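Please look over the sequence and the structure shown here. The report that follows takes up the helices, the sheet, the cores and the confidence of the model.

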Amino acid sequence: MGIVKSPSVLAFEQQAREEAAMELMAQGVISFEMTPRQQAAYDEAVRYAAEIDARERAHFEQLPERIVAENQRVLDDLNAGKLYLANETSDSAVVIHFASCAAVRHQVDRDVAHEFELAHAGELEGSWHSGSGYDYVAKWPNLMTLDEVEQLRAYRACQRCNPDTKERRKFAALNPKPSKLSSITIDRIGREYETVEGEPLGTLRSFTVSADGVTLHCSERDFAGGRDDLVVLRPRVQR
Ligand SMILES: [Zn+2]
């Protein structure tokens, strides 16, 4: 059975072929008569490539200075008590590390963050590539104080450095939304309720439905109202 190539692989191969052809033309290996429009497009491509080269050169020239400045910013953050690093992961959960965690060293130490770029500094990738190496730079360390961490709606603690956050895993509290008394079912027995004004009613023990409406019998007090009157179900306490 042959290998089935995905559309993105095919597109990449096509682009690589086109770029290779352009490169050969630029080197004078391939030449043919061009129409004025082709000539204009070709000249534009050459001009654009020169611009990219210039940008790359400037990027590499300024790199050492930028790394020094970045390390200083990190140091300032650490000195301001921001000893925790919050990393957003692909599943949009936030993982909290100590800034000293080995797993995030490549982010915190900006020399390491720019290692790939430094290793390739000055190597221009040729006219037809943008290759400044920028994509390989480790992302900026999002440093926080413990207070700031605890204010996050949700997070989980890195299992490697085991930071001293209040919880190992904090779940986002659902925004309590009022619901109509008529929507309350037996599944809600044991859940906590409060009034829309925020007065706690306590745990729902039972409820009574009558022609006039619904009465909730809660651990703090009863709450009676019409079918469309509102009450607030408090989020479950997560642990
Ligand atoms: Zn960690």
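A residue counts as buried if 20 or more other C-beta atoms lie within 10 Å of its own, as exposed if 12 or fewer do, and as partly exposed in between, with C-beta atoms placed from the backbone. The model is a predicted one, in which local features need pLDDT of at least 70 and side-chain atom pairs count only at pLDDT 80 or more, while totals for chains, interfaces and linings use all residues. Residues are numbered from 1 along each chain as its sequence is written.

Helices (H or I, at least four residues) and strands (E, at least two) are DSSP runs, numbered from the N terminus. Helix α2 (residues 36-79) is hardly covered, for the count of buried residues among its 44 residues is 2. From its first C-alpha to its last, α2 reaches 62 Å, close to the 64 Å expected at 1.5 Å a residue, where the expected span is 1.5 Å times one less than the number of residues. At Leu63, shortly before the proline Pro64, α2 has a kink of about 45°, the bend being the angle between axes fitted to the seven residues ending there and the seven starting there. Gly81, with a positive phi near 85°, follows α2.

Two strands pair if DSSP finds at least two bridges between them. An open sheet of mixed pairing is formed by 5 strands in the order β3-β1-β2-β4-β5. Because β3 (143-144) and β5 (169-170) stand at the edges with a single partner strand each, one side of each is left without a neighbour in the sheet. Two further strands, β9 and β10, form a hairpin with 3 residues between them.

| Strand pair | Direction | Bridges | Residues standing opposite |
|---|---|---|---|
| β2 (residues 94-98) and β4 (residues 155-157) | parallel | 2 | Val95 and Arg156 |
| β9 (residues 214-218) and β10 (residues 222-225) | antiparallel | 4 | His217 and Asp222 |

A nonpolar core is a set of buried Ala, Val, Leu, Ile, Met, Phe, Trp, Tyr and Cys residues joined through C-beta atoms within 7 Å. The largest has 15 residues, and Ile96 is one of those that touch the most other members. Two or more residues are given to this core by each of β1 (84-88), β2, β3 and β4. Apart from it lies another core, of 9 residues, including Leu181 and Phe223.

The predictor's confidence in each residue is pLDDT, from 0 to 100. Its mean over the protein chain is 85, and 89% of the residues reach 70 or more.
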